[in-house]
Amino acid sequence: MRAAELKELLQFRRPQVRRTERVLANCVTVDDLHRAAMRYWPRGVRGYVDGGADGEMSLTRNRAAFRNFELVPTVLRDVTTVDTSTTLLGRASPMPFALGPTGYTRMMHPHGEWAVAKAALATGIPYTLSTMATVSLEDVATVGGDLWFQLYIWRDRDLMRELISRAASAGYRCLMVTVDTAVSGLRVRDHHNGFTLPPRLTPAAVADMALHPAWWAGLLAGPGITFANVERSAGAGGETVMAFAARQFDPSVTWDDIAEVRTRWPGPLLLKGAFSPADVRRARGLGIDAVALSNHGGRQLDQAWTPVRALPEIRSAIGADYPLFVDSGIRRGTDIAIALALGATGCLIGRPYLYGLGAAGERGCAAAIGMLGDEFTRAMQLLGVTTVSELRQRGAELIRRYSGEASCGT
Ligand SMILES: Cc1cc2nc3c(=O)[nH]c(=O)nc-3n(C[C@H](O)[C@H](O)[C@H](O)COP(=O)(O)O)c2cc1C
């Protein structure tokens with residue numbers, strides 16, 4: 001046997017020298033990206049991303065809820081080609097999901113919101129930039145793509161008005177108003193870890209540098225981390241994220257504020273975190289274009305209704321045609337299929353793209369989107385459906401509630 005034939009048989013893989021290549025070569029699922037990000041991030045960031053509020057019951061239940069459904073495959077249908085595209089708030093998207101808003105993203109990777117916007121652009125799905133972003137909305141807008149802006153109704157209403165007009169001028173297509181933050185949830189892990197903005201160089205942080213040198217090098221080499229959209233209301237550094245948010249969240253926000261936002265924003269407007277059937281009906285009555293059922297990934301009211309469990313009731317209360325998004329706990333393509341079969345118009349992705357970002361920057365973020373997309377495509381094929389609208393229409397036939405042990409896997 002000649003050497004060339006032997007090499008072919010052995011199928012040697014070229015050694016992966018660059019960290020990004022090496023990490024991505026070993027990641028097949030969002031869980032893999034999660035593990036890689038956990039190795040990169042120091043303790044404070046790990047707790048900030050993965051933590052929930054209070055006893056973290058919502059956090060746990062969000063995942064458990066997805067495990068409590070079973071899918072009913074229908075076989076012997078030609079699924080050679082499936083069309084995963086759909087319309088999200090008036091524009092075509094190759095997949096029935098958008099990236100939801102997450103604050104503080106340059107803490108997860110020095111390229112932060114830039115990298116996320118580029119990954120969303122490359123994969124063609126919408127990205128929602130948070131009010132609490134660490135790159136300004138104008139800078140992110142230069143990346144392009146289907147950009148949505150998430151608004152917190154700040155104590156300072158003039159700042160809110162300014163953010164709305166800045167988002168419109170910068171070309172953001174949809175506005176998502178988050179309404180589940182009358183006050184900030186108690187993020188216990190952030191307290192225990194002393195997680196601050198910007199990170200403080202405490203003795204513990206210095207000791208941590210030895211364990212997470214790449215993360216610290218990225219942080220120290222880049223420009224200082226600020227809430228770039230709201231710099232004038234961000235105070236002196238050294239306070240926890242929660243303390244900052246607590247100063248800004250306004251418990252006096254009411255439907256009148258939402259009515260005002262509606263008059264100021266001509267494009268598609270979503271409410272994120274409205275939940276009860278009555279609130280969703282009220283949103284519709286006010287001319288809000290869509291509601292995102294969300295418990296903020298378990299970060300606000302602990303033991304809040306689990307969005308995917310609430311979905312069937314809300315769908316029947318609001319009717320078949322009203323756009324409903326779902327988030328909190330989506331980690332796999334099958335989760336997206338479950339949400340759609342239960343009546344969701346689309347899903348919002350939260351932590352998975354942050355895991356991708358932490359694992360391998362922009363490419364990791366694109367990998368997370370790609371994995372969810374591939375898994376969703378495969379789920380459609382194995383379910384025997386060829387379009388997203390067929391998945392929604394045949395949902396009742398394709399899904400069952402599972403009453404057994406739900407603690408298997410993630
Ligand atoms: C680190 C982090 C930061 C977040 N920041 C925001 C934010 O600024 N605005 C907002 O409306 N939601 C925010 N969320 C909530 C997400 O938009 C989304 O509702 C949540 O991540 C969904 O849960 P999942 O990540 O478990 O799927 C944040 C979530 C995480 C994990």
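Figure 1. A nitrogen atom of the ligand lies 2.9 Å from an N or O atom in the side chain of K272. Taken alone, the ligand exposes 600 Å². The protein buries 98% of that area. The model shown here, and in every view below, is predicted.

**Figure 2. The shell around the ligand.** How many residues surround the ligand? The count is 23. The closest are P101, S130, T178, D327 and R351. Sorted by class, the shell has 11 polar, 7 nonpolar and 5 charged residues. Two helices to look for are α4 (43–50) and α17 (351–383). Each supplies at least two residues of the shell.

**Figure 3. S130, one of the residues closest to the ligand****.** S130 belongs to the loop between β5 (127–129) and α7 (137–141). Is S130 buried or exposed? Its relative accessible area is 3%. Buried means under 20%, so S130 counts as buried. The side chain of S130 also makes a polar contact with the side chain of Q150. The distance is 3.2 Å.

**Figure 4. T345 and its partner R315****.** T345 is found in a loop. That loop runs between α16 (333–341) and β13 (346–349). T345 has a relative accessible area of 14%, so this residue is buried. Which residue does the side chain of T345 contact? A polar contact of 3.4 Å joins it to the side chain of R315.

**Figure 5. D208 and R43, apart in sequence****.** D208 is part of helix α10, which covers residues 203–211. The relative accessibility of D208 is 13%, so D208 counts as buried. Now find R43. In sequence, D208 and R43 are 165 residues apart. In space, their C-alpha atoms are 8.2 Å apart.

Methods. Residues are numbered from 1 along each chain as its sequence is written. This is a predicted model: local features need pLDDT of at least 70, side-chain atom pairs count only at pLDDT 80 or more; totals for chains, interfaces and linings use all residues. Side-chain values use heavy atoms; hydrogens and water are left out. A residue is near a molecule or strand if one of its heavy atoms lies within 4 Å of it. A polar contact is a pair of N or O atoms within 3.5 Å; within protein, one must be able to donate a hydrogen and the other to accept it, and residues adjacent in sequence count only if both atoms are side-chain atoms. Accessible areas come from the Shrake-Rupley method with a 1.4 Å probe; for residues, only the protein chains shown count as cover. Helices (H or I, at least four residues) and strands (E, at least two) are DSSP runs, numbered from the N terminus. Ala, Val, Leu, Ile, Met, Phe, Trp, Tyr, Cys and Pro count as nonpolar, Asp, Glu, Lys and Arg as charged, and the others, Gly among them, as polar. Buried means under 20% relative accessible area, exposed over 50%, partly exposed in between (1.4 Å probe, protein chains only).
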